[in-house]
Amino acid sequence: MLIRVLLFICAFVSVPSFAIEVTDLYQSTLAVADKTRATRVKASQQALMNVIKKLTGRYENVDHALIKKAKRSISDYMLKYEYLNLDDDDDELKIRIKFEASKVETLVRDAQLPFWGNRRPMIAIWLAIEDNLQRDFVTQERYPQLGRLIYDTAAEWGVPVVVPLLDLQDRASVGIAEVWGNFSEPVEQASIRYNAERVITARMFKQPHSSRWQLEWRYTDAELFESNQLVGDKQQVLIQMVNDLSSVLVANYVIDPAVSYATTSTVFTVDKLNDFTHIEQAKRQLKSISTVAGVDVIYRSKDVVKFEVEHTSSLEDLIKALKLEQAFSVYIDPRAFYRVADAQSLKYSWVGP
């Protein structure tokens with residue numbers, strides 16, 4: 001039994017951390033009534049607030065003098081706009097507005113708002129629904145409106161999510177019972193194909209003798225009965241679930257300028273850097289982190305390199321950002337059964353881009 005427990009622990013902690021680069025953080029699409037300049041300006045101002053929401057995780061409108069000033073001179077921040085119809089059977093006129101990333105980032109930082117970079121964890125959402133005493137998975141094929149609602153709500157936060165295909169490969173590993181009962185191991189294993197860092201199981205059903213729906217959701221790495229319960233309209237509870245899980249992610253990954261805004265230097269040790277090409281690749285990856293101002297090599301021996309990293313965030317926030325970098329993995333001490341990445345042990349291994 002002890003051997004089985006140790007093997008389970010090793011397998012759990014060695015699951016890699018996945019993140020993807022979100023490419024549409026600085027754009028927003030809205031429905032508009034016409035193509036007049038007044039309508040376009042109003043839509044552009046709302047689009048800027050939508051982008052700021054994705055960058056900061058702020059759910060409410062940000063009431064800051066610099067933000068209000070930016071809205072009054074909205075054209076200074078715009079890169080381009082275009083009118084479009086997203087769906088063939090949708091006659092609603094829409095406008096897509098793209099902003100200059102550097103200007104919006106400067107605005108957010110000058111306003112001393114939290115900031116979340118473009119590398120974000122992928123979230124797999126396994127949702128089972130009970131309707132008319134029949135249980136089924138929510139997929140884009142079976143429940144296209146609910147599936148679209150999940151993706152659209154997550155997109156408002158800039159959170160990458162995936163609703164599993166539930167094809168033959170998925171169903172060979174996961175059944176309704178596993179999701180309904182939050183049996184973590186098979187669901188987490190099936191989520192690897194989607195590069196998911198966090199996995200959510202959820203179940204939705206009508207309350208007895210009521211038209212209201214109950215939605216219970218939980219992370220698979222939480223306790224079996226530690227779930228979040230929502231009650232209301234079917235679409236409302238689904239939107240609230242995505243809003244809630246996005247808020248949790250923001251709390252975990254957003255960089256708060258109130259913690260530390262001055263430039264700080266931290267030394268990171270990285271092994272498995274076998275040549276200068278790998279060293280340069282590692283430097284570029286570190287420099288691509290939004291709060292990193294500079295990177296220098298201060299020591300090299302064989303395949304081990306020490307980097308001095310200048311950053312405008314707390315060390316804790318920098319470690320959070322590194323967690324989302326697939327090119328680095330936390331150094332595994334061969335004498336230990338767990339990974340370590342904290343202020344006392346800033347060691348990583350190079351995996352590659």
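The model is predicted, so local features need pLDDT of at least 70 and side-chain atom pairs count only at pLDDT 80 or more, while totals for chains, interfaces and linings use all residues. Residues are numbered from 1 along each chain as its sequence is written, and side-chain values use heavy atoms, without hydrogens and water.

Helix α2 spans residues 37-56, and its axis lies 6 Å from that of α5 at an angle of about 85°; axes are lines fitted to C-alpha atoms over the stretch in contact, with angles from 0 to 180 degrees between N-to-C directions. Helices are DSSP runs of H or I with at least four residues, and strands are E runs of at least two.

Next, display Asn50, Lys53 and Lys54 of α2 with Ala155, Glu156 and Trp157 of α5, which form the contact (heavy atoms within 4.5 Å).

Move on to the largest nonpolar core, which has 51 residues. Such a core joins buried Ala, Val, Leu, Ile, Met, Phe, Trp, Tyr and Cys residues through side-chain atoms within 4.5 Å, where buried means under 20% relative accessible area with a 1.4 Å probe, protein chains only. Trp126, Leu215, Leu238 and Met241 have the most contacts inside this core. Helix α9 (234-253) is one of its contributing elements and supplies the largest share, eight residues.

Centre on Leu215, whose contacts include Leu127, Met204, Val237, Leu238 and Met241. Finally, select Tyr26, Ala43, Leu55 and Leu113, which are among the 27 residues of another, separate core.

Definitions and conventions. Buried < 20%, exposed > 50% of the residue type's maximum accessible area, 1.4 Å probe, protein only. Lists of a residue's contacts leave out its neighbours within four places in sequence.
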